[in-house]
Amino acid sequence: MKFQSTRDLNAEKLSAAQIIKQGLAVDGGLFVPESIPALTVAEIEELCHADYPTRAARILGKFLTDYTEEELLADCRAAYAETSFVGGAAPLVALDETIHSLELWHGPTAAFKDMALQIMPRLLSRALVKTGEERTALILVATSGDTGKAALEGYKDIDRIKIAVFYPVDGVSRVQKLQMQTQLGDNVYVCAINGNFDDAQTGVKRIFSDAAAAEYLNEKGYFFSSANSINWGRLAPQIVYYVSAYCDLLNKGTLKMGEKMNVTVPTGNFGNIFAAYLAKLMGLPIDKLVCASNKNNILTDFLTTGTYDRNRQFHLTMSPSMDILISSNLERLLYFTAGAARTAKYMKSLNETGAYTVDADVKAAIDESFCGFFADEEMTAKTIRETMDNYHYLADTHTAVALSAAWQYVEKTGDKKPMVVASTASPYKFANDVYTSLYGAAPSDALAALDELSAKTGVEITYPLRGIGERKIRFTDVVPSADMWKAVQKYLG
C-alpha cells in the first residue's frame with residue numbers, strides 16, 4: 001500500500017512508514033491511501049471473536065503493509081493493555097434500543113485521543129528504523145485540549161523523539177490545562193498561546209512549512225513530525241473502533257450480519273468522523289454519518305449548503321475540543337469526493353479567502369453518507385440533564401453534543417437503526433460544566449467539582465483524573481502565536 005497527497009496525484013507515492021514519519025505532504029496536502037482495502041463479511045465474522053488488540057492489528061495491517069503482522073499485534077497488545085485501558089479499550093453501552101454510547105475515554109488521559117496516541121508512538125518508532133532515519137523526531141502538536149495530553153502521555157520518554165505541545169491559554173478546561181502543565185517526561189514541552197485553537201494550528205503548520213526552520217532542525221539532528229490527526233498514523237487507528245463497535249452489536253444480537261448501523265461523532269477537526277467514513281468505504285455496513293457540532297457550527301453549515309466559510313464569529317464553548325473553524329481532515333473527504341485537482345483548488349480558496357464552495361456533484365456525493373446537526377450551549381446542558389434523568393448516564397459536554405445531534409437526526413428522519421454515538425471524553429474532564437448543567441452553579445474551585453459531581457451522581461471519578469490538583473506544575477510559558485517557533489528553539493536549547 002502506497003500513499004499520496006490529497007493535492008497532487010503526480011507526486012511521489014510513499015510507504016506507510018515514510019508518511020507516518022513525515023506527517024504532512026510537501027505540497028501542504030494530507031496523505032491518503034492510493035486505494036481502499038476491502039473488509040469482507042468473513043473477516044468481520046472472524047473479528048467478532050477477537051479481542052480489541054487483535055481487531056486493531058488486523059485493520060491496521062490492511063493499510064500499514066510494510067509493518068509485519070507480528071509487529072502490529074505486539075504494538076497493539078502493548079498499546080491497549082488492561083493497565084492502560086481500565087475496563088476495556090472501547091466498550092459499547094446501550095442507552096436505549098437505538099442509541100449506543102461508544103466509550104472511547106477509558107485510556108490514560110480519559111479522552112478518545114488515547115485510542116490513537118497510545119499506538120502511534122510505537123508506529124513512529126518502527127518507522128524511524130524502517131526508513132533508516134538517524135535524526136531525532138520533533139513532534140509539534142496544536143491542541144484544543146485532549147490531543148495534547150494524549151500525545152504527551154504517548155510519547156513521553158520515547159527514545160529519539162521530542163514533543164512540543166501548544167494550546168490556547170483560555171481555550172481548554174481547567175482539568176485539561178492541569179493535565180498538560182503537570183506532564184511528566186524528560187522529552188516533553190508544553191506552551192500556551194494567546195489566541196484560539198485555529199491560531200495554534202496555523203502556527204504549527206507555518207513552522208512545518210518553513211524551510212529555514214527545517215534546515216535549522218536538520219543541523220541540530222532533528223526533523224519535524226506531527227501527532228495531530230493530519231498524520232495518517234493518528235487517523236488509521238480510529239477506523240478500528242467503528243469496526244469493533246459493529247462486531248459488538250453483532251455479538252449482542254442488536255444487528256444481524258449485513259444490517260447497517262448509523263454513527264454520530266462530535267466533530268472538530270473531522271478526523272474521527274472521517275475514520276468512520278473510511279470504515280464505510282472498506283465495506284463496514286454503515287448508513288448515515290451524523291456530524292455533530294457545537295455553537296461553532298461551521299461543519300453543519302457546510303454539510304447543509306456546500307459552502308465552507310470560516311469568516312465568522314468564533315465561540316468559546318463548554319465543549320472546547322470542538323471549538324474549531326478550520327477542520328483539517330475535511331480535506332481528505334474532499335479528495336475522495338472531488339479528486340486531487342479540485343481539492344487543491346478548494347484549499348487555495350480557503351487559504352486566500354477563508355471560504356470555498358464545492359461543486360454540485362461533490363455535494364451530492366457527500367450527502368450520500370453525511371448529514372449535520374448542532375447543539376448550542378443551552379441544548380448541550382439540556383442533553384446532559386436529560387441523559388442523566390432518563391438513563392442515569394453521565395455524559396461529558398462533547399458527548400452531549402453528539403447525543404443531541406443523534407436524537408435530532410432520529411426525530412427528523414424516523415430512522416431507528418442502531419446509532420453508535422462516539423463518547424469522546426470522561427465527564428470528569430469537564431466536571432465544572434457538567435455539574436453546572438445538572439445542578440446549577442458549580443463550586444468556585446474547579447477541581448472541587450470533580451468530587452461533588454461524583455458524590456451527587458454516584459459515578460466514580462475516572463482513574464487518570466483522581467488527585468490531579470495535587471500534582472506539580474512544570475510548564476507555565478505563554479507566548480503570542482507568532483512566537484511559537486521561538487518557543488521551540490528555546491526548548492531545544
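Where does Leu-325 lie? I found Leu-325 in the loop between β11 (307-309) and α14. Helices (H or I, at least four residues) and strands (E, at least two) are DSSP runs here, numbered from the N terminus.

**Before going on**

This is a predicted model, so I kept in mind that local features need pLDDT of at least 70, that side-chain atom pairs count only at pLDDT 80 or more, and that totals for chains, interfaces and linings use all residues. Residues are numbered from 1 along each chain as its sequence is written, and side-chain values use heavy atoms, with hydrogens and water left out.

**Leu-325**

I checked burial next: Leu-325 has a relative accessible area of 6%, so it is buried (buried is under 20% relative accessible area, exposed over 50%, partly exposed in between, with a 1.4 Å probe and protein chains only). Then I listed contacts, meaning heavy atoms within 4.5 Å. Setting aside neighbours within four places in sequence, Leu-325 touches Asp-198, Asn-296, Ile-298, Tyr-308, Arg-310, Arg-312, Gln-313 and Phe-314. I also looked up Glu-386: it sits 61 residues from Leu-325 in sequence and 29 Å away in space, C-alpha to C-alpha.

**Helix α14**

The buried ones are Leu-330, Glu-331, Arg-332, Leu-333, Leu-334, Tyr-335, Thr-337 and Ala-338. Gly-339 follows α14, and its phi is positive, near 90 degrees.

How does α14 cross α16? The axes of α14 (residues 330-338) and α16 (residues 360-367) come within 9 Å and cross at roughly 110 degrees. That makes α14 roughly perpendicular to α16. For the angle words I used these cut-offs: under 35 degrees is roughly parallel, over 145 roughly antiparallel, 65 to 115 roughly perpendicular, and the rest oblique. Axes are lines fitted to C-alpha atoms, for helices over the stretch in contact, and angles run from 0 to 180 degrees between N-to-C directions.

Leu-333, Thr-337 and Ala-338 of α14 make the contact with Val-362, Ala-365 and Ile-366 of α16. I sorted these residues into 5 nonpolar, 1 polar and no charged. In that sorting, Ala, Val, Leu, Ile, Met, Phe, Trp, Tyr, Cys and Pro count as nonpolar, Asp, Glu, Lys and Arg as charged, and the others, Gly among them, as polar.

**The sheet**

Which order do the strands take? I read off 5 strands in an open sheet, in the order β8-β5-β6-β7-β15, with parallel pairing. Two strands pair if DSSP finds at least two bridges between them. The edges are β8 (222-226) and β15 (478-480), each of which pairs on one side only. On average, neighbouring strands of this sheet are turned by 30 degrees against each other, direction ignored.

I then went pair by pair. Strand β5 (residues 136-142) is joined to β8 by 5 bridges, and the two run parallel. Thr-136 stands opposite Tyr-222 in β8. β6 and β7 are also paired in the parallel sense, over 6 bridges, and Ala-164 stands opposite Tyr-189 in β7. In β7, 6 of the 7 residues are buried, so this strand is largely enclosed by the rest of the structure.

**Helices around the sheet**

Helix α9 (residues 197-208) lies across β5, β6 (161-168), β7 (188-194) and β8, and runs at about 155 degrees to β5. Helix α10 (residues 211-219) packs on the sheet too, touching β5 and β8, and its direction makes about 125 degrees with that of β8.

What do the buried residues of α8 pack against? They pack against α7 (146-155), β6, β7 and α20 (448-457). I counted 7 of the 8 residues of α8 (residues 174-181) as buried, so α8 is largely enclosed by the rest of the structure.

Phe-63 has its place in helix α3 (residues 52-63) and counts as buried at 0% relative accessibility. Its C-alpha is 6.3 Å from that of Met-1, 62 residues apart along the chain.

Ala-110 is in the loop between β4 (99-103) and α5 (114-117). Its phi is near 65 degrees, a positive value in a residue other than glycine.

Phe-270, in the loop between β9 (261-266) and α12 (271-282), has a positive phi of about 75 degrees although it is not a glycine. I noted Phe-270 as buried, at 1% relative accessible area.
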